[in-house]
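Please look at the model below with its empty spaces in mind. Rolling a probe the size of a water molecule over the atoms shows where empty space is left.

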Amino acid sequence: MSKSNTENTKRWRITRRGFLIGAGAAAGSVALGVAFGLPVLRIKVAGMLENATIPSNAPKEPSAWFEILADSRIRLFVTKAEMGQGVHTALAQFAAEELEIGLADLEVTQASTEQGFRDSTGTSGSGSVSGMSEPLRQAAATLREMLKAQAATQLNQPVASLVVFGRGIQVKNDGGRRVEFAALAATQRQWMQQVPKESVALKKPSEFKIIGAPVSRIDIPDKVTGRAIYGYDARAEGMLYGTVLRPPTLGATLKSVDSAEAEKISGVVRIVRDGEFVGAVARTRAAAQTAVSTMQAQWNESKPLQQADIDALVTVGPDAGAQIQRIGDAAAVLDAQTNGSITAEYRTPMAIQTPMEPQAALADVRADKATIWASTQSPDLVRRRVADAIGFKPEQVEVITTYLGGGFGRKSDTEAAAEAALLSKAAGAPVHVGWTRSEELRYGYVRPPTHHVLRARLDADGRIAAFEHRQASGDVLFALLPKVATTIAGGILGADFGATRGAMLRYDVPNVSTIAWRRSLPVRTGPWRGLGALPNAFALESFIDELATTAGADPLTFRLRHLPDNDWGRRMTAVLRAAAEASNWGSAPPSGRARGIACATDVDTVVAQVAEVSVDAQGKIRVHHVTAAMDCGLVVNPDGARAQVEGNVMWGVGSTLIEEAHIENGRFAAANFDGYPLLTLKDAPIVNAILVKSDDKIRGAGEPAIAPVAAAIGNAVFALTGKRLRNLPFTPERVLAA
Amino acid sequence: MELTINGVKRTVSAPESRLLLHVLREDLEMTGTKFGCGAGICGACTVMVDGVATRSCITPISTLAEKSITTIEGLADGERLHPVQQAFIDAQVPQCGWCMSGQIMTAAAFLASNASPSGDDISEAMSNNYCRCGCYHRIRIAVAAAARTSAANEVQS
Ligand code: FES
Ligand code: FES
């Protein structure tokens, strides 16, 4: 690692844990102000986390980002993982824009943990593009000016007379006096260290030529020819395959194992045992798997967990929850007279991310250095996990992120990396671990189940006078944090800020209360596309629809009437109107169909959707159309943003109609896709994705559109059948029973 | 035994019960064909065997003597992409891309058997391939577009 990289690392090192602890420190000082007790603080911190994307810790120095290549192209090192969200293209757009070069003159290279800077945020929370905009553009603009300064010396021309043209720098309108980037490359290591004192002015959005243009994604050509390399595809000379012995039920611990038979399987190279960890290394994956399934293992198992045990744990109250939003005094208004108040309960089940590419990593562990190729959203975390597993220092571990065959939060942790490292260390050869679909469905972490209890009262004019959302959820983000941070953050927040994402009411209501309960569950729970966005919006936006019905108002009008007179309100009005107009809201739908509307805010992005559905005699819901209007401010790649909306809608439809993970006799019931089916093309709606732009701020686009899907569908089913569905998924049995 | 893959005869020393997917990915290092479920459900591993879309994860190589296997690596005609590949680029279909080899092979085999499919035909043919990223909207568009270009190419030649 170069000196400048080390310095960068120091200066910009704000780990997520540091961020939380930072929030804690700030909280402490505010708390000293006496007037504020913990509850108020909690509301402030929760509000801050809800509105902000996690800040990026990226350096602005060009040397951490760029390398000038021999053919005068410029290489951009990116730390963010490409998992289909188009982040490599978006980041290339930022760099090319400020460098004033074409996209084709830029080569995007995935940085390993030893190149570039330490990106401890990883790729998550829809924050990669918005968080990288400033630092990367700053770095690129700085590099442009440094290139010009170098060229000015070589050409003996004033800097002001020079422009970037093609892959070089020249005197404006004078190709005769020109220097190619390559001619400046030889000394790049030196001059890139001399960063100018003043920061270079960035272009104004009105000057953008590449940012905001509908460019083709740079990763797509390799994805239609089979050339793209993912973690599951990583190969190395002399590589072997590893498989890990898994417990038969959750929480079971190993008593003993007899691997004598396993060792005899043809192709098996070594059986590895390291405490609880047992695995097989073989010349083929099939042989390693056969070896593991042949092992005779005895387990300590406690009474097997059942689904009902989990359901019972995920309930709001009666203990005190964490107040995360408070306006006026909702409880007082609601408790004053119970008649006239409306109550409903909603539930969402566990669900599994199950990206199409399961967990995968290749590890090559040598005496004092480990190299890991992994499909991971969090290379920095993988580095620590691997170091811990094999007794190395993190600096001895290099993590190279490959393309990801989907992430969706499941690859925020990458267990396969440490497993491969343990096996590689023992076998003395590179070992690849690729999970089966069964492992993926049974041994990962899942979207936590949630329970929502809502109460509200309408005033005489049919306006909401008081609104209360009480929500319980298993952990989402805390699940990945070190214990110490969890304790501190848990102490301040009381609730997991991933689970409460989207839990707060955005409407203009004089009395609002949102209370969250953190429930620790005996199954691993963790991030999932949009975190709490879909469960919370499902409860809130379905309930708002119930209130509209009670008020006798059109669901769209009712929402518009309750929007606040501020930026949120204006942006939500715009997306609601856009979605309504494009879906012909207000005109009669085709016979046998009905429409439902819902909206949500997530990572500072607002989104509204109209779903058009029908229900057949067997109770099967068909979602024909989804019109989705999203305002994520300035869009870097409009076609890419629309693709994200489409993908989120599909994911949301699957979650609404099909997906549910069950525990049965101590483990997740589904062993493959036959037990956990996904949405298929036949049942996929036609999606009309509309981008609305309220201002020039760049905001997250990778997840927000998932939020309103379930509520929009539920509201449409209600409009069609008069049946209110309050439990996900909306299976035919539930539809018929409602 | 000998396998013909993308027009090239390859000798593999694996036992005949070994599955084609593993031979491709592990023995021949042709990783364009993907693993998704290993049970014939998701379609990620789809290749063509004598032009028919086939799930390589459940196909032992013993069944493949004398047959012609086409994988995603061999679908293009040299530098010229297959119309389905081109249509998938034009419509910017792939997100993560993991399912895409299977989607494209399924579509290519389907269009070879049905040159002018209806929307419902496309839905039916493409509904046994999972895409977790949810690219279904664009898959429909791209397969329909590929059908049109294939038809146009027919007329020209
Ligand atoms: S991997 Fe073959 S069908 Fe899923
Ligand atoms: S593109 Fe990711 S699974 Fe289809």
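In this predicted model, the largest cavity is lined by A:G502, A:M504, A:L505, A:R506, A:Y507, A:A537, A:L540, A:E541, A:M572, A:C599, A:A600 and A:T601. On a 1 Å grid over the protein atoms alone, a cavity is a set of points where a 1.4 Å probe fits but cannot get out, and lining residues have an atom within 4 Å of a point. The largest cavity holds about 130 Å³ of space, a volume being the space filled by probe spheres set on the points, which are joined across faces, edges and corners. Helix 16 (533-551) and strand 21 (594-602) of chain A each supply at least two residues of this lining; helices (H or I, at least four residues) and strands (E, at least two) are DSSP runs, numbered from the N terminus.

The second largest pocket has a volume of about 660 Å³, where a pocket is an open set with protein on both sides within 12 Å along at least five of seven lines. Of its 26 lining residues, A:R246, A:P247, A:E419, A:Y443 and A:R524 are the closest to the centre. Helix 13 of chain A gives the largest share of the lining, four residues. Because domain 2 (231-301 + 359-434) and domain 3 (314-351 + 446-737) of chain A both give residues to the lining, this pocket lies between them; the domain bounds come from an automatic or database domain assignment.

Residues are numbered from 1 along each chain as its sequence is written, and chains are lettered from A in the order in which they are written. Local features need pLDDT of at least 70, side-chain atom pairs count only at pLDDT 80 or more, and totals for chains, interfaces and linings use all residues, while side-chain values use heavy atoms, with hydrogens and water left out.
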